Amino acid sequence: MNQLSQKTRLLFVCLGNICRSPAADGVMQHFLKREGLDQNVLVDSAGTADYHVNSLPDKRMRQCGLKRGFTLDHRGKHFKKEDFDNFDLILVMDKDNLRQVQLLDPQREFKDKVRFFTEFCTQHQLNEVPDPYTGDESDFEYVLDLMEDGCNELVRRIKDGTLLKSN
Ligand code: 4NP
């Protein structure tokens, strides 16, 4: 089925859900709106830890986002087993996120839905999005560079209908 005739559901996942994944969420929503595709795609984010449930993104992440025109106003959520059914693609930021997500899918029933966000970066060659939480402003800026890169490619793949077809 044409992806644009069926809502594509994307979930970004990191540890705390206050830095990387809500940045991906906000950048993706911004890009989709710009392309007039926001009604075709459901975007959300979650953390493998529950420390920051209902919190806004980290202030440093929000400030860096605003400077680039991204409003990051997600409220923290904890990744749950039901998310495997509720989303088509679960994009993790690092290997620890992958391990935590896999703990909720011991039979690997949903393995094809779980991918590294960095697989979609075309301008940066790396395996993981580094956690900026204990870093400085340049680390947050770097996260946004990666988010813009990967989200551009995600939008391109949604538009050409290849996002959910290849591994
Ligand atoms: P995130 O960053 O996983 O990109 O949201 C972190 C945020 C908070 C913590 C760790 C990482 N924390 O330990 O509270």
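A crossing of two helices is left-handed if the near helix is turned anticlockwise from the far one by less than a right angle, and right-handed if clockwise. Here, α2 and α5 cross in the right-handed way. Keep in mind that this is a predicted model, where local features need pLDDT of at least 70 and side-chain atom pairs count only at pLDDT 80 or more, while totals for chains, interfaces and linings use all residues. Residues are numbered from 1 along each chain as its sequence is written, and side-chain values use heavy atoms, with hydrogens and water left out.

**How α2 and α5 pack**
- Helix α2 covers residues 59–67 and helix α5 covers residues 137–159; their axes sit 10 Å apart at an angle of about 55°.
- That makes α2 oblique to α5 (under 35 degrees is roughly parallel, over 145 roughly antiparallel, 65 to 115 roughly perpendicular, and the rest oblique).
- In contact (heavy atoms within 4.5 Å) are Arg-60, Met-61, Cys-64, Gly-65 and Lys-67 from α2, with Glu-137, Phe-140, Glu-141, Val-143 and Leu-144 from α5.

**A look along α5**
- With 23 residues, α5 reaches 33 Å from its first C-alpha to its last, close to the 33 Å expected at 1.5 Å a residue (that is, 1.5 Å times one less than its number of residues).
- Just past α5, Gly-161 has a positive phi of about 80°.

**Asn-152**
- Asn-152 belongs to helix α5.
- Its relative accessibility is 40%, so Asn-152 counts as partly exposed (buried is under 20%, exposed over 50%, partly exposed in between, using a 1.4 Å probe and protein chains only).
- Setting aside neighbours within four places in sequence, Asn-152 is in contact with Phe-31 and Arg-34.

Definitions and conventions
Axes fitted to C-alpha atoms, helices over the stretch in contact; angles between N-to-C directions. Helix = DSSP H or I, 4+ residues; strand = E, 2+ residues; numbered from the N terminus.
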